[in-house]
Amino acid sequence: MDAAALPVATTAITALRDKAGLRPGERLLVRGAAGGVGNAAVQLGRAYGAEVTALARAANLDFVRGLGAHKAVDHRTVRPAELGRFDVVLDTVGTDLRAFRRLLNSGGRMVTIAFDLKRPAASLGYLAASTVHGHGRVRFFSGNPTRADFDDLARHVVEGKLSPAVDTVFPLEETAAAHRALEAGGVQGKYVVRVA
């Protein structure tokens, strides 16, 4: 079951390695740090030598600390402006992009894999505009992993720098329940549906 939760980590690899160009010693903020991509990003950020700050729900703060976050912050009690400055922001949530973009240092990079589903036109418009002008361009992408990405993923696992995080395993007949649970939020890692 653990192996089934790993492929999504290629999204974090692409975001941090290719889109953000994360370097050792940089400050990384992972928004949505307890989720499927976020938990991998916390681990990989640490492996890449970054100082990692993880944003998550209060109930998930110990979980993200256990993944290697240097600092874990409850996103419900701290406003973005109180977080400080970062070289890289990885956003897996998609809301309040403007507020998180303001946290970038000079030369900072922001990568998002989501957009605001309640305001899709405005959110996508902001993403499009921010890729061409303004302080700290925002990079948006949809992951299409390559063989090299999977090789990199395997290397991190073998070296002990990345471990799959499985929250719950659902039987196939409870797939709808898995979706409802995911939509409710609060996941620690990935939900896996057992097919056989």
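The structure is a predicted model, in which local features need pLDDT of at least 70 and side-chain atom pairs count only at pLDDT 80 or more, while totals for chains, interfaces and linings use all residues. Residues are numbered from 1 along each chain as its sequence is written, and side-chain values use heavy atoms, with hydrogens and water left out.

Let us begin with the whole chain. Seven helices and eight strands make it up; helices (H or I, at least four residues) and strands (E, at least two) are DSSP runs, numbered from the N terminus. Of its 196 residues, 44% are buried, where buried means under 20% relative accessible area, exposed over 50%, and partly exposed in between (1.4 Å probe, protein chains only). The accessible surface is about 9700 Å², with 53% of it belonging to carbon and sulfur atoms; such areas come from the Shrake-Rupley method with a 1.4 Å probe, and for residues only the protein chains shown count as cover. Contacts (heavy atoms within 4.5 Å) reach along the sequence: among those between residues at least 6 apart, 60% join residues at least 24 apart.

The buried residues are Ala9, Thr10, Thr11, Ala12, Ile13, Thr14, Ala15 and Leu16. What covers them includes strands S1, S4 and S5 along with helices H2 (36-47) and H6 (147-158). Just after H1, Gly21 has a positive phi of about 60 degrees.

Now follow the charges. The whole structure holds 14 salt bridges, each a side-chain nitrogen of Lys or Arg within 4 Å of a carboxyl oxygen of Asp or Glu. One of them pairs Arg17 with Asp18 at 2.7 Å, N to O. Arg17 is partly exposed at 31% relative accessibility, and Asp18 is partly exposed at 43%. Both belong to a network of salt bridges that also links Asp149, Asp152, Arg155, Glu159 and Lys161.

Since Arg27 lies in S1 (residues 27-31) and Glu51 in strand S2 (residues 51-56), the pair ties together parts that are 24 residues apart in sequence. Arg27 is partly exposed at 23%, as is Glu51 at 37%. Arg31 meets Asp96 at 4.0 Å, N to O. Here Arg31 lies in S1 and Asp96 in the loop between strand S4 (86-91) and helix H4 (97-101), so the two tie together parts that are 65 residues apart in sequence. Arg31 is buried at 8%, whereas Asp96 is exposed at 51%.

Finally, look at Arg109 in strand S5 (residues 104-112). This arginine is buried, with a relative accessible area of 7%. A polar atom of its side chain lies 3.3 Å from the backbone oxygen of Gly107.

Terms used. Polar contact = N/O pair within 3.5 Å; in protein donor to acceptor, adjacent residues only side chain to side chain.
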